[in-house]
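Please look through the sequence and the model before reading on. The report below describes a few selected parts of them.

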Amino acid sequence: MNNVVILPVIIPVIAGLMMVLFRKKIRLHRLLSVLALFALLLVSIFLILQIETVGIQVLQAGGWPAPYGISFVADMFAALLLLSASIVALFCLLYSFRSIGREREEHYFYPLFLFLIAGVNGSFLTGDLFHLFVCFEVMLISSYVLISLGGTGRQLRESLKYILVNVVSSSLFLVAVAYLYALTGTLNFAHLSVVVAKVGQEGLMTTVALLFLLVFSIKSALFLFFWLPESYSAPPTAIAAIFAALLTKVGLYTIFRMFTLIFYHEPQITHQFIGVLGAATMVLGAFGAVAFSDIKKILTYNVIVGAGFVIAGLAAFTADGVMGSVFYLLHDILVKGLIFLIGGAIIRLTGTSNLNEVSGLIRYHPYLGWMFFISALSLAGIPPLSGFVGKIFITKGTFQAEYFWLGAVGLLTSLMVLYSLMKVFMNVFWGETTLSKEKEKGTTKGLVLPISGLTALSVMLGLGAEVILPYVRIAAETLLVPSQYIKAVLGLGE
Amino acid sequence: MEILMSLLVGLFFTIGTYLILSKNLMRIILGTSIITHGVHLLILTMGGLKNGGPPLLGESFAAFTDSLPQALILTSIVINFAVTALFLVLSYRAYKTLGTVDIEEMRGTADE
């Protein structure tokens, strides 16, 4: 029992609720939300250190023993994701101070932002299937409001589609929960894992597993990503960045949890299927990224490629593959947030997201340009930067599992990702400077600071990979050996 | 009994899917509501429909019905209630702003 485990959920909820009381006090909102996210950062570092020394941390809510109550479980995988989520949230928040506008701030932007974080953290920490559904809904309802906040025509239109897709996929989630409850009679992850191992994963259980895969594929834009590009282009930059950094990653995290802890008995069916989904996602996402000449579209399609890449490591299901996926997930959260922030800054400067209407931005904005360059190389996986470490481990994993086609698709799409981002860089930053200093539509004042902070962190993640890798290794080990998780949650008696 | 309920749930899903695939926004929202009804009935059915007393300890029955699915459904109903309310308000707002409830006409233009 460790009460710290619940803090990442409680802190943002309490801070958000306090802000709702003082609607017009924007300074208070800003102060409280920065403090809350900073506290989250400290709590997640504390959790990581504790897990490293003592092992998986568990909190049984209300003191009820494991299968009967709701358990909050913090293993290394969840704690690492908590850390990177709180980092990227903090920088998106700093970015939104200068960019979101007073109108939105007065209409509960900061409380909604914190509720979104609470939902994300809850999904990372929960050890119960239905509680996972509830945390998903906390996250999604906040995101519905954030995506439509401001009420422009485009936001309204896209939010309607986004809500429809998510309502349907939430219904499917409940259907899957109902089937699994009928088959096993329990909802606790650890207990589910025990029961599924006992009855074996045959016919019906594999069907339910694939239904779960379908649900989380919709949530994490894995192959069923038709809803993502438009919905992520509609909201303002700070919101789009936090969506791109966190929302799909929660779906990916859940796929990892489900298919390493509960449904790991029929890998030739489920994991191969995951591999095919991953390859299709990477290819289609890369085609989208190459096809468009709109900054927002290119960036959103890169989110999709990233999702496919992470899942390739799971499909391989070897120690290296899973380790690579965990590392790539951490990198992807930081760098996707970063590149969306930079893209937003470019659009703010030029007033357009069309590549062909802008050129020569590097003359007056060298810092922005080179930071975009660094994050583009990092996303493509160029050696000293953070994307490389994850990609090399995932590729190694897929080759070890003899999924050569999957590794090859991963490498080829990396090339296409590099091409799509370099297209943005060369069109926007190189060439003749058509936009003089006076004609700029907006200013990057105050925006460069969070961007450079995040860039520095992502570079450090690449250069200091040796520091992070031991933790990632622990995370991968607990994913590959579910008995540790089960023992921690159900106690030693089981 | 479970078979009858399953058929009913299937019917709900069919109608809901048909409505979601239509063009009118109101019909789509109705479709999501009907699908959610189907989901709630499915959770109840999957918990088992054996005879037993209502899950209240004051009653002196030998066996009680499973109380867990009822708690799940109660949670899901309120969540869905909130989402449907938000969805309806947003569609009203979209009607005011965009001037249509036909989703075929809700396409983006280049100048946005």
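This is a predicted model: local features need pLDDT of at least 70, side-chain atom pairs count only at pLDDT 80 or more; totals for chains, interfaces and linings use all residues.

Residues are numbered from 1 along each chain as its sequence is written, and side-chain values use heavy atoms, with hydrogens and water left out.

In chain A, strand S1 (residues 57-60) pairs with S2(A) in the antiparallel sense over four bridges; strands are DSSP runs of E with at least two residues, helices are runs of H or I with at least four, and pairing requires at least two DSSP bridges between the strands. Within this pair, Gln57(A) has Ala74(A) in S2(A) as its bridge partner. Strand S2 (residues 71-74) of chain A is covered on both faces, with Ser71(A) and Val73(A) buried on one side and Phe72(A) and Ala74(A) buried on the other, where buried means under 20% relative accessible area (1.4 Å probe, protein chains only). In a regular strand, side chains alternate between the two faces of the sheet.

For chain B, an unreviewed UniProt entry places the feature "transmembrane region" at residues 6-21, 28-49 and 69-90; such annotations may be inferred rather than shown by experiment. Two of these segments are set out here.

His365(A) is found in the loop between helix H14 (319-350) and helix H15 (366-380) of chain A, and is buried at 9% relative accessibility. Leaving aside neighbours within four places in sequence, the contacts of His365(A) include Phe429(A) and Glu440(A), contact meaning heavy atoms within 4.5 Å.

Methods: Chains are lettered from A and ligands numbered from 1 in the order in which they are written. Buried means under 20% relative accessible area, exposed over 50%, partly exposed in between (1.4 Å probe, protein chains only).
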